[in-house]
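Hi,

Here is the structure I said I would pass on.

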Amino acid sequence: MVGVRSHVTLNVNQAPLDIEIDHRWTLLHVLRDELGLTGAKRGCDRGECGACTVLLDGKPICSCQMLAMQVGDRQVTTIESLGDSSNLNPIQQAFLDKDGGQCGFCTPGFLLSTKALLDSNANPSEWDIRNGLAGNLCRCNAYGRIIESVKEAARLIAEG
Ligand code: FES
Ligand code: FES
């Protein structure tokens, strides 16, 4: 079935991208299946797990729960913008150092929620961390190491 389509400009990772989108497509679908940005994961596809987390104007959202048409001129940040294997962001380095993941499926979402948290609160308490990551689930139950990773990320960022 073909739906109504429109040409839009999406701002993804600081770059304007012109794309034709079906009005029924979610932001997650556009990122993964149209733009090839597969860091955001499709877990539950119904707003419960946070695997699809991206930042919208700096705030974490479930990209499976937003239509791409709703994004407008807001800035979308995906995990692909954070760093790469030759130039890790301090948050990535901290998760690596503290073993803040197991299978890694949830990790992109946790990293972006951590970025949003630390951008607004450079020295979070453990309660702040638990609260800031409350929208992300880890089916491997790596929560203890994830919390330690966020503390380490705050420390690395403070060190500069
Ligand atoms: S895939 Fe979006 S919240 Fe689970
Ligand atoms: S590390 Fe496997 S789901 Fe979190």
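Let me start with one pair of residues: Leu-55 has Pro-60 of β4 as its bridge partner. Keep in mind that this is a predicted model. Next to that pair, Val-54 is bridged to Ile-61, again in β4. Altogether β3 and β4 run antiparallel and are joined by four bridges. Two residues separate the strands in this hairpin, and Asp-57 has a positive phi there, near 50°.

What is the order of its five strands? It reads β2-β1-β5-β3-β4, in an open sheet with mixed pairing. β2 (15-22) and β4 are the edge strands, each pairing on one side only. From one strand to the next, the twist averages 45°.

α3 packs on this sheet, where it touches β3 and β4, and its direction makes about 30° with that of β3. The helix covers residues 107-120, which is 14 residues, and its first and last C-alpha are 20 Å apart, close to the 20 Å expected at 1.5 Å a residue.

Why do I call α3 largely enclosed by the rest of the structure? Because 11 of its 14 residues are buried; a residue counts as buried here when 20 or more other C-beta atoms lie within 10 Å of its own. Among the buried ones are Phe-110, Leu-111, Leu-112, Leu-117 and Leu-118, along with Gly-109 and Lys-115. The buried residues of α3 pack against β3 (53-56) and β4 (59-62), and also against the helices α2 (90-97), α4 (126-132) and α5 (143-159).

- α3 and α5 pack with their axes 11 Å apart, at an angle of about 45°. That makes α3 oblique to α5, and the crossing is right-handed. On the α3 side the contact is made by Phe-110, Thr-114 and Leu-118; on the α5 side, by Ile-146, Val-150, Ala-153, Ala-154 and Ile-157. As for the spacing of such residues, an α-helix has 3.6 residues a turn, so residues three or four places apart point the same way.
- α2 and α5 have axes that come within 8 Å and cross at roughly 135°, which makes α2 oblique to α5. This crossing is right-handed. Here Pro-90, Ile-91, Gln-93, Ala-94, Phe-95 and Asp-97 of α2 meet Ser-149, Glu-152, Ala-153, Leu-156 and Ile-157 of α5.

Lastly, a couple of backbone angles for you. Gln-14 is not a glycine, yet has a positive phi of about 70°. It sits in the loop between β1 (5-12) and β2. Is Gln-14 buried or exposed? Exposed, since Gln-14 has 9 other C-beta atoms within 10 Å. Asn-141, in the loop between α4 and α5, also has a positive phi without being a glycine, at about 60°. Asn-141 counts as exposed as well, with 10 C-beta neighbours inside 10 Å.

Cheers

Terms used: Residues numbered from 1 in each chain as written. Chains lettered and ligands numbered in written order. Predicted model: local features only at pLDDT ≥ 70, side-chain atom pairs only at ≥ 80, totals over all residues. Expected span 1.5 Å × (residues − 1). Buried ≥ 20, exposed ≤ 12 C-beta atoms within 10 Å, placed from the backbone. Contact = placed C-beta atoms within 7 Å. Pairing = 2+ DSSP bridges. Axes fitted to C-alpha atoms, helices over the stretch in contact; angles between N-to-C directions. Parallel < 35°, antiparallel > 145°, perpendicular 65-115°, else oblique. Left-handed = near helix turned anticlockwise from the far one by under 90°.
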